[in-house]
Amino acid sequence: MRSKLIAGNWKMNGSLAANQDLLLAIAQGLGTPSCNVAVCVPSLYLAQVQHVCASSPIAWGAQDMSCFEIGAYTGEISASMLRDFGVRYVLVGHSERRQYHGETDEQVATKVQRALAAGITPIVCVGETLAQREAGLTADVVKRQLAAVIHANGHCISEVVVAYEPVWAIGTGKTASPEQAQEVHAMLRLQLLAASKQADRISILYGGSMNPANAVSLLAQPDIDGGLVGGASLKANEFLSIVAAASQ
Ligand code: PEP
C-alpha cells in the first residue's frame with residue numbers, strides 16, 4: 001500500500017520572515033496528517049526549515065542538487081551537503097531546470113544515483129510540453145525521461161518517487177484532467193513494473209496547478225499517489241486543503 005505524499009515546491013520564493021509564518025501556519029493546521037507532507041525549499045533556507053520543522057510531521061527537501069560528488073563546481077550543492085541538513089527529498093529534473101538550465105536526461109539520472117547514495121529520496125520529475133502533447137508525443141517523452149533514470153539506477157529504482165508534471169500545466173492554472181493524468185500515471189507505472197518487481201511501492205505524484213478545487217478528483221485516481229504543488233504550497237490554507245484531500 002502506497003501512502004500518499006503532498007510535497008510543496010516553493011521555487012524561488014520566500015524570506016526568513018515569510019517562511020517562518022508559512023511553516024508555523026502549516027504545522028499548526030496539520031495536526032497528525034494521515035499522509036506524508038513535505039516542503040521543497042530554496043537550499044539557503046534548509047537550516048531554517050530544519051530548525052522550525054524538526055519536531056513537526058513536515059519533512060523538507062531541496063529543489064535541485066549537483067550531479068557531482070565533491071570538488072571544483074562553483075555554486076553547486078552536493079547530496080551529502082543536503083544530507084547534513086536532514087533533507088528527506090530532493091526534486092530532480094524539474095521542467096524549469098530542464099528548460100532554463102539545459103539539464104539532460106543523463107544528468108538527471110546521475111543526480112538520482114547521487115541522491116540515493118546519500119540516503120535522500122529523489123522526486124524525479126517528467127512531463128511533456130504543450131507542443132509535444134499536441135504532436136502526440138506525450139508517451140514518448142515521459143517514457144524517455146524515465147527510461148534514463150531506470151537505466152542508470154537498476155533495481156534501486158524502487159526507492160525513488162516520480163512526479164508527472166505536464167509542462168503546460170505548471171504555473172498556468174491549466175490542470176490535466178484526472179483522466180489525462182491517470183492515463184500517463186498508469187503508463188509510467190507499467191514502465192516501472194517492467195523494471196522492478198518492487199515498483200508497486202513507488203509513489204507517482206501529479207504536479208501542475210494542483211489546488212484545493214481539483215485535488216480531490218486528481219487524488220482519487222488509482223495511480224495518483226499524491227501531489228507536487230507549486231503556487232498553492234505558498235498559501236497555508238490552500239496547501240492544508242490539498243493535504244486534507246490526500247488524507248481522505
Ligand atoms: C511545480 O512547479 O512543480 C508546480 C507543480 O507548480 P504549480 O503547482 O504552480 O503549477
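A backbone N or O atom of Ser209 lies 2.7 Å from an oxygen atom of the ligand. The model is predicted: local features need pLDDT of at least 70, side-chain atom pairs count only at pLDDT 80 or more, and totals for chains, interfaces and linings use all residues. Residues are numbered from 1 along each chain as its sequence is written, and side-chain values use heavy atoms, with hydrogens and water left out.

| Residue | Protein atom | Distance to a ligand oxygen atom |
|---|---|---|
| Gly171 | backbone N or O | 2.6 Å |
| Ser209 | backbone N or O | 2.7 Å |
| His94 | polar side-chain atom | 2.9 Å |

The protein covers 96% of the 290 Å² of accessible area that the ligand has on its own (Shrake-Rupley method, 1.4 Å probe). The surrounding shell holds 14 residues, and the closest are Lys11, Glu165, Gly171, Ser209 and Gly230. By class, four are nonpolar, eight polar and two charged. Gly counts as polar here, while Asp, Glu, Lys and Arg count as charged.

Now the helices. Two packed helices are described by the angle between their axes and the distance between the axes. Helix α9 (residues 212–219) packs on helix α10 (residues 236–246) at about 20°, with axes 9 Å apart. The pair is therefore roughly parallel (angles under 35 degrees). Their crossing is right-handed (near helix turned clockwise from the far one by less than a right angle).

Helix α5 (residues 105–117) and helix α7 (residues 138–153) cross at roughly 45°, and their axes come within 8 Å.

Technical notes. Near = heavy atom within 4 Å. Polar contact = N/O pair within 3.5 Å; in protein donor to acceptor, adjacent residues only side chain to side chain. Axes fitted to C-alpha atoms, helices over the stretch in contact; angles between N-to-C directions. Helix = DSSP H or I, 4+ residues; strand = E, 2+ residues; numbered from the N terminus. Parallel < 35°, antiparallel > 145°, perpendicular 65-115°, else oblique.
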